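Trainee: I have a structure to go through and would like to ask about its parts. Can we take them in turn?

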Amino acid sequence: MAYPLSRPEISPEDITAVNEVLKGPVLALGPRCEAFENAFAEYIGTTYAVAVNSGTSALHLAVRALDIGEGDEVITTPFSFVASANCMLFERAVPKFVDIDPETLNIDPSRISAAVTEKTKALLVVHVFGQPCDMKRIEEAAAEYDLAIIEDACEAIGATCGGVKVGTFGEAAAFGFYPNKQMTTGEGGMLVTDDGQIAELAASMRNQGRTRRSSWLEHERLGYNYRLDEMSAALGLSQLSRIDSILARRAQVAAWYRDALGEVPGIEPLAEIEGTTRSWFVYVALLEKGHTRSDVMELLENWGVACRAYFPPIHLQPLYRDLFGYKIGDFPVTEDIAGRTLALPLQFAREKRRRVHSRATRALHQVRRRRRGDNPTGRRICPEQFMRMISAARRTSTGGARIWWAARRRSRPRPAFRWASPNTSLKSSARSRCTRTRRPPT
Ligand SMILES: Cc1ncc(COP(=O)(O)O)c(C=O)c1O
């Protein structure tokens with residue numbers, strides 16, 4: 001794919017940092033991991049950080065450290081990556097879904113009360129697409145029903161709510177460093193907390209149940225191998241040292257998208273929520289109701305622009321339908337939003353942005369026109385190819401100029417063109433196959 005949905009920013013310093021580890025004897029459980037944990041805790045503003053091998057592992061350890069177990073209910077969102085609910089299933093606890101707020105796309109705090117039962121033990125909130133949840137109202141609900149809060153901040157490093165970084169609100173929070181995230185360690189994650197006991201438990205469970213006191217073959221509790229290796233930790237440390245500039249660049253690309261797509265009817269950028277700063281994970285736009293997302297996606301993919309329908313609702317995943325009997329209509333806001341989101345690549349290079357933005361805008365325009373019946377032929381060639389055909393046509397004595405000007409007169413009603421297959425030789429297609437047809441009556 002010419003323009004992938006995400007691409008990690010790896011600098012020469014990152015490569016040097018990883019190479020340095022490889023030159024030494026310690027590839028796991030070494031000083032880089034500890035340095036990364038200290039730097040991360042300082043960046044987020046928590047007392048402790050425990051490095052692990054994925055965001056999912058961090059979520060699982062948070063659930064276990066809070067002693068959430070069989071039959072306990074945890075209130076969470078159905079609009080997220082599946083790991084944020086699976087981490088409850090690992091412990092035979094029950095994710096109790098609550099529909100989302102259509103503005104933030106996060107759990108709707110006003111619906112929490114209705115979902116609380118005597119089995120409810122915690123709230124697991126997800127800062128979806130890097131947008132912080134309404135943490136004031138989440139904290140109020142948690143206090144009212146005496147519930148613990150776990151933050152899934154896997155997509156939200158550096159995001160703030162009321163000037164405070166996400167990850168500092170709950171009893172524990174999870175961050176993820178998969179390569180599609182704002183910063184990466186390859187695979188990797190981090191659990192952060194202010195609670196010394198949670199930190200100690202998590203550190204022990206990630207390392208096969210060993211503790212700082214125990215010998216290598218002594219295991220005090222059930223544990224896992226969720227350790228982060230030294231190469232990943234070195235990469236994380238190096239990436240973290242420039243996280244603010246990475247986030248600023250992503251925000252800049254998001255602003256370009258907002259401007260470019262702002263002119264396209266039928267698409268809304270995500271809402272900007274007062275008192276919060278989003279950390280840009282992917283650029284997601286919302287299509288208007290009835291917009292044919294699959295057509296837009298097909299066009300973009302044909303033009304080399306990766307895109308994704310983020311997120312399919314968790315409750316409609318086959319596993320959740322089987323386990324809990326969920327069906328379409330159970331969480332209507334989530335289902336509506338999930339049917340209209342379109343995630344687009346966050347590219348950094350200035351020269352590439354024009355192409356990605358213009359293709360995205362063009363695809364949206366084109367599908368909308370096709371849907372309204374303005375363009376029944378549906379031109380299915382990429383913009384570059386279109387321009388090459390135009391140039392070829394211009395070189396011929398007849399027809400070229402007409403085509404050129406027709407294509408430029410965007411604001412006025414345009415004749416519909418029927419293009420030859422893109423495989424046809426450009427010259428012959430321009431000269432003879434590019435036939436003008438009458439616009440059908442509306
Ligand atoms: C909201 C959310 N939670 C959890 C995860 C899981 O993180 P990981 O893939 O590092 O296990 C992800 C990953 O994409 C995520 O987006």
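Trainee: Is Gln208 buried, partly exposed or exposed?
Mentor: This is a predicted model. Gln208 has 19 other C-beta atoms within 10 Å. A residue counts as buried at 20 or more and as exposed at 12 or fewer, so Gln208 is partly exposed.

Trainee: Where is Gln208 found, and what is its phi?
Mentor: Gln208 lies in the loop between helix H7 (196–206) and helix H8 (230–240). Gln208 is not a glycine, yet its phi is positive, at about 60°.

Trainee: Leu105 also has a positive phi. Is Leu105 buried or exposed?
Mentor: Leu105 sits in the loop between S3 and helix H5 (112–115), and its phi is about 65°. Within 10 Å there are 28 other C-beta atoms. The cut-off is 20 or more, so Leu105 is buried.

Trainee: Which strands stand at the edges of the sheet?
Mentor: The open sheet has 7 strands with mixed pairing, in the order S1-S9-S8-S5-S4-S2-S3. An edge strand has a single partner, so one of its sides has no neighbour in the sheet. The edge strands are S1 (48–52) and S3 (94–97).

Trainee: What angle does helix H2 make with S1?
Mentor: Helix H2 (residues 31–44) packs on the sheet and touches S1 and strand S9 (189–193). The angle between the directions of H2 and S1 is about 130°.

Methods:
Residues are numbered from 1 along each chain as its sequence is written. This is a predicted model: local features need pLDDT of at least 70, side-chain atom pairs count only at pLDDT 80 or more; totals for chains, interfaces and linings use all residues. Two strands pair if DSSP finds at least two bridges between them. Helices (H or I, at least four residues) and strands (E, at least two) are DSSP runs, numbered from the N terminus. Two residues are in contact if their C-beta atoms, placed from the backbone, lie within 7 Å. Axes are lines fitted to C-alpha atoms, for helices over the stretch in contact, and angles run from 0 to 180 degrees between N-to-C directions.
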